[in-house]
Amino acid sequence: LTTSYANKSNYDSGVIPNKEMVTRLNQSLSTTNNWDGFKFAPIRESTVSRAMTRRYFNDLDKYAESDIVIVGAGSCGLSAAYVLAASRPDLKIAIIEGGVAPGGGAWLGGQLFSAMIMRKPAEKFLEAIGVPYDDEGDYVVVKHAALFTSTLLSKVLAFPNVKLFNATTVEDLITRTDPETKELRVAGVVTNWTLVSLHHDDQSCMDPNTINAPVVLSTTGHDGPFGAFSVKRLLSMGAIEKLGGMRGLDMQLAEDAIVKQTREIFPGMVVGGMELSEMDGANRMGPTFGAMALSGVKAAESVLEIFDL
Ligand code: AHZ
């Protein structure tokens with residue numbers, strides 16, 4: 001069943017690295033069978049410290065005014081980031097992820113199993129990002145969910161107009177009332193280190209930081225310790241009347257519904273992925289991931305529509 005992954009074209013295209021690539025690496029390190037004289041270039045500790053912190057603080061400064069903030073780096077948020085960053089290199093995109101490890105629920109296929117299932121036509125997204133799969137007819141299989149997530153993540157992080165702030169939680173939304181229309185809009189996010197967010201009950205006076213942005217894309221997943229953050233906040237501030245509450249599992253219904261319902265749910269805020277199931281009362285789909293990738297593609301489109309208004 002898994003032979004199609006190792007087909008000739010995956011070797012030819014470099015998706016599966018070949019022996020010549022490793023030989024070139026060894027030659028460039030001049031280490032082939034000779035590690036005795038090995039030495040790294042010199043370093044001083046403060047150089048390392050400055051190299052990290054200067055870049056981080058420059059990024060905090062640069063992205064304090066972002067064009068798009070994506071909340072949550074799960075499969076939907078990362079898919080949206082890929083499309084947005086590729087189609088609009090002129091826009092500054094900040095991704096805020098509460099966890100240390102971006103990827104959300106997409107490091108495993110389902111339960112603790114490795115393979116990731118995507119129903120067609122989501123294989124088009126895999127082809128776009130260069131993830132090989134086995135074709136099983138109506139669905140495709142990526143041999144390990146981590147292959148999908150790590151490939152997508154590596155592409156997203158390589159875009160010069162994207163900054164991922166991980167271990168950082170969105171604690172609140174910035175809102176603005178338009179003086180003329182009196183319309184309330186989401187206008188950015190309020191952030192804190194996740195480790196700080198987890199300690200508001202036992203420490204005092206730990207105020208947050210902020211990022212202004214005309215559009216926020218929220219993809220914080222279904223309800224849980226952090227999940228469905230933005231729609232729950234819209235409810236608690238009285239900006240929406242009620243949440244639908246995620247329904248039971250029905251793969252067939254759930255995946256179409258999540259993609260179709262991906263939209264701007266509140267002025268300035270697009271929602272994608274499983275957060276929508278809490279908003280609209282959609283079913284969950286469990287271990288199939290096509291809807292997350294394609295909800296991300298549609299969310300990117302909705303975000304860009306707001307920009308092009
Ligand atoms: O850490 C969260 C995860 O990586 C992050 N997140 C949530 N709240 C946040 C906040 N600030 C910053 N306030 C926050 N980050 O959002 C990410 C959500 O990823 P996910 O994989 O849970 O959501 P998704 O909608 O991209 O994919 C969901 C996939 C499915 S379907 C399903 C089911 O039907 O049972 N279960 C999952 C996990």
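Which strand is L164 found in? L164 belongs to strand β6, which covers residues 162-166. This model is predicted. It holds a ligand, and that ligand sits in the largest pocket. The points below start with the ligand, then turn to single residues along the chain.

**The ligand and its shell**

- The shell around the ligand counts 25 residues, and E97, G105, M274, R284 and G286 come nearest.
- By type, the shell divides into nine nonpolar residues, 14 polar ones and two charged ones.
- Three elements each supply at least two residues of the shell: α4 (75-87), β2 (93-97) and β7 (168-177).
- Strand β7 gives the most, with three residues.

- E97 places a polar side-chain atom 2.6 Å from an oxygen atom of the ligand.
- G286 uses its backbone instead: a polar backbone atom of G286 is 2.7 Å from a ligand oxygen.
- C76 also works through the backbone, where an N or O atom lies 3.0 Å from an oxygen atom of the ligand.
- Taken alone, the ligand exposes 780 Å², and the protein buries 89% of that area.

**Buried residues**

- L164, in strand β6, has a relative accessible area of 12%. L164 therefore counts as buried, because the cut-off is under 20%.
- From L164 to G224 the C-alpha distance is 22 Å, and the two are 60 residues apart in sequence.
- V140 lies in strand β5, residues 139-142. Its relative accessibility is 1%, so V140 counts as buried.
- V140 and S46 are 94 residues apart in sequence, and their C-alpha atoms are 49 Å apart in space.
- V303 has its place in helix α11, which runs over residues 290-307. V303 is buried, because its relative accessible area is 0%.
- Between the C-alpha atoms of V303 and T181 there are 21 Å, with 122 residues separating the two along the chain.

- K182 is found in the loop between β7 and β8 (184-193).
- The phi angle of K182 is near 65°, a positive value in a residue other than glycine.
- Is K182 buried or exposed? K182 is exposed, because its relative accessible area is 61% and the cut-off is over 50%.
- C205 is found in the loop between α7 (194-197) and β9 (209-212).
- C205 is likewise a residue other than glycine with a positive phi, near 55°.
- At 80% relative accessibility, C205 counts as exposed.

**A cis peptide bond**

- Which residues does a cis peptide bond join? The bond joins K120 and P121, and omega is about 15°.
- P121 is found in the loop between β3 (116-119) and α5 (123-129).

**Points to look for in the structure**

- Begin at the largest pocket, where the ligand sits.
- Next, find the backbone of G286, with a polar atom 2.7 Å from an oxygen of the ligand.
- Then follow β7, which gives three residues to the shell. The loop between β7 and β8 holds K182.
- Finally, turn to helix α11 for V303 and to strand β5 for V140.

How values were computed. Residues are numbered from 1 along each chain as its sequence is written. This is a predicted model: local features need pLDDT of at least 70, side-chain atom pairs count only at pLDDT 80 or more; totals for chains, interfaces and linings use all residues. Side-chain values use heavy atoms; hydrogens and water are left out. A residue is near a molecule or strand if one of its heavy atoms lies within 4 Å of it. A polar contact is a pair of N or O atoms within 3.5 Å; within protein, one must be able to donate a hydrogen and the other to accept it, and residues adjacent in sequence count only if both atoms are side-chain atoms. Accessible areas come from the Shrake-Rupley method with a 1.4 Å probe; for residues, only the protein chains shown count as cover. On a 1 Å grid over the protein atoms alone, a cavity is a set of points where a 1.4 Å probe fits but cannot get out, and a pocket is an open set with protein on both sides within 12 Å along at least five of seven lines; lining residues have an atom within 4 Å of a point. A molecule sits in a cavity or pocket if more than half of its atoms lie within 2 Å of its grid points. Helices (H or I, at least four residues) and strands (E, at least two) are DSSP runs, numbered from the N terminus. Ala, Val, Leu, Ile, Met, Phe, Trp, Tyr, Cys and Pro count as nonpolar, Asp, Glu, Lys and Arg as charged, and the others, Gly among them, as polar. Buried means under 20% relative accessible area, exposed over 50%, partly exposed in between (1.4 Å probe, protein chains only).
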